[in-house]
Amino acid sequence: MNILFATSECVPFIKTGGLADVAGSLPKALKDKNTDIRVVMPLYANISEKYKKKMKKVDEFDVGLNWRKQTCEIFSLKNDGVMHYFLGNDYYFNREGGIYGHYDDGERFLFYSKAVLEMLPYIDYIPDIMHCNDWHTAIIPYLANTHYKPHYTDMKTVLTIHNIKYQGIYGRETLFDILDLKPEEITLDFEYNDAINIMKSGIYNADWITTVSPSYARELEFDYFGEGLEGVISVNRYKMTGILNGIDYDAHNPAKDKNLYAAYTRSYNKKQENKEKLLEELGLEYDENRPVIGMITRLDELKGIDLVMAVGKEIMDLDVNLVLLGTGEEMYEDYFRYLESQYPEKMSARIMFDSKTASRIYAGSDIMLMPSRVEPCGLNQIIALKYGTVPVVRNTGGLGDTIFEYDEVANEGNGFKFDDYNAHAMLFEIEKAVDIYKNNRESWKKLVANAFKCKYDWKASAAEYKKVYKNTMIRQEDENILQLT
Ligand code: ADP
């Protein structure tokens, strides 16, 4: 089985969120003697020179964009046994700044998607399944079913929705221009409030759709979660599966993590050592009896930051340390800076994206707070468990699928969770956790031991993806047989 995993970000080369983690670890888990899976991504300016130096140029070709052409260079690099291709174009990807958020993102990723389809003869590899991810590559299923169908007759497409909030909505002229479409070719599967919606076209055109947790797959049919595409999801529900993300325990493992002050495997005491050093580094007071609440997050409305803002003072009044690592909306960044100014000995706001600090916070916190309004899967809580840090989460999406309320009497469960999107519901669970930490340390240690024991690796999830790929290919054969008869 040949699978090409098309993504806009991938660990260790470039990362803004969970998609990069998945792209870095799922292909590695899927690869075996019967599965030749390869990854393709753009060659961004800010990929480290360390990797760029090792890349080999494979070829270059022109991508036709209506009346003009743009060159695309293909580079390759094997990482962890998986072949990665990098598609380079100076105009679109050799830019200063972040990898997203440019004025012409629609054009950039339409170019990239076309280039992914056009590069296949140059790498001499035709996938059975083209696995697309989020809106950046969600135009590929449409293109594979139409313009490129004569070239890749047997290729099927799978689209994974990592987060439906980001849909790639652009003016019609972008699509007319880049894909050389005529107005009458814009059908209902693109139409969206008089603009075009690339995610929507992917949902209609992909042969199969997956999302990153079973709960999120169910939630997407409701308008609270569907971000306007709930109806589209309902219509296409027949070809949709929710598969929980795993994490790569080679990359997220306190026993191997070089960023930690003290490596550990399921050791409560070593964890405390990391906590003491973390607080020292952040300039906070250490007190054995005071739990550290960590937050490592994009500062986005989806992440439930409003709940924290509503009861920030009440949280600090519980006599805890609060450590935040995150970047995002200015309003939220400013709020945490303000909170730090109010509680300089107990609160630290690191407004940045930094993997080293993230590792140290995972290890040095007692509690990991994730009050997300919506959380397709969430990796933080899974990483936190591995580091023996107890998650307090809202019961939504993948958070609900991985975190189970701690029952002190039965000693079951791995964290705390609340249902309503309500600041006091969250505060109640934080209070519960803090109370056990402060007043019943033996129970707390048992809870930490439960967290350590949890295993959400890629093995089971990779097997589910394989099933999806196989079924998608069989569906194709069925359709062929139907056409013949
Ligand atoms: P999302 O993809 O919505 O941002 P996930 O929980 O799926 O959320 O993945 C977030 C990933 O990004 C985790 O690996 C987390 O540790 C990491 N992360 C988030 N913010 C930061 C930050 N400021 N610095 C370092 N790592 C971060």
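The side chains of Lys15 and Asp21 are joined by a polar contact of 3.0 Å. The model in view is a predicted one. Lys15 sits in the loop between S1 and helix H1 (18-30). UniProt, in an unreviewed entry, places the feature "binding site" at Lys15. Is the residue buried, partly exposed or exposed? Its relative accessibility is 32%, so Lys15 counts as partly exposed; the cut-offs are under 20% for buried and over 50% for exposed. Beyond its neighbours within four places in sequence, Lys15 is in contact with Glu9, Ala20, Asp21 and Phe353.

Strand S1 belongs to an open sheet of 9 strands. The order is S3-S4-S5-S2-S1-S6-S7-S11-S12, and the pairing is mixed. Which strands lie at the edges? They are strand S3 (56-65) and strand S12 (240-242), each of which pairs on one side only. On average, neighbouring strands of this sheet are turned by 25° against each other, direction ignored.

Both senses of pairing can be followed here. Strands of a sheet pair through backbone hydrogen bonds, either parallel or antiparallel. Strand S1 (residues 2-6) pairs with strand S6 (residues 129-133) in the parallel sense, over 4 bridges. Within that pair, Phe5 stands opposite His131 in S6. S3 and S4 give the antiparallel case, with 9 bridges. Lys56 has Ser76 in S4 as its bridge partner. The hairpin of S3 and S4 has 2 residues between the strands. In this hairpin, Asn66 takes a positive phi near 55°.

Now look at what covers the strands. Helix H4 (residues 105-123) lies across S1, strand S2 (36-42), S3, strand S4 (68-79), strand S5 (82-88) and S6. Relative to S3, helix H4 runs at about 125°.

Helix H6 (residues 172-179) shows how burial can be laid out along a helix. Thr174, Leu175, Ile178 and Leu179 are buried in H6. Why do they line one face? Seen down the axis of H6, the buried residues fall within an arc of 95°, so they line one face of the helix. Just after H6 comes Asp180, with a positive phi of about 55°.

Leaving aside neighbours within four places in sequence, Glu221 is in contact with Glu230, Ile233, Ser234 and Arg237. How long are the polar contacts that join its side chain to those of Ser234 and Arg237? The one with Ser234 is 2.9 Å. The one with Arg237 is 2.5 Å.

A C-alpha separation links this region to a later part of the chain. Glu221 and Met347 are 126 residues apart along the chain, and their C-alpha atoms are separated by 39 Å. Tyr343 lies in the loop between helix H14 (330-342) and strand S15 (347-350). Which residues does Tyr343 touch beyond its neighbours within four places in sequence? Tyr343 is in contact with Lys313, Met316 and Asp317. Asn321 and Tyr343 are 22 residues apart along the chain, with 9.3 Å between their C-alpha atoms.

Notes:
Residues are numbered from 1 along each chain as its sequence is written. This is a predicted model: local features need pLDDT of at least 70, side-chain atom pairs count only at pLDDT 80 or more; totals for chains, interfaces and linings use all residues. Side-chain values use heavy atoms; hydrogens and water are left out. Contact means heavy atoms within 4.5 Å. Two strands pair if DSSP finds at least two bridges between them. Axes are lines fitted to C-alpha atoms, for helices over the stretch in contact, and angles run from 0 to 180 degrees between N-to-C directions. Buried means under 20% relative accessible area, exposed over 50%, partly exposed in between (1.4 Å probe, protein chains only). The arc is that of the directions from the helix axis to the C-beta atoms. UniProt positions are given in the numbering used here, feature names are shortened, and annotations may be inferred rather than shown by experiment. A polar contact is a pair of N or O atoms within 3.5 Å; within protein, one must be able to donate a hydrogen and the other to accept it, and residues adjacent in sequence count only if both atoms are side-chain atoms.
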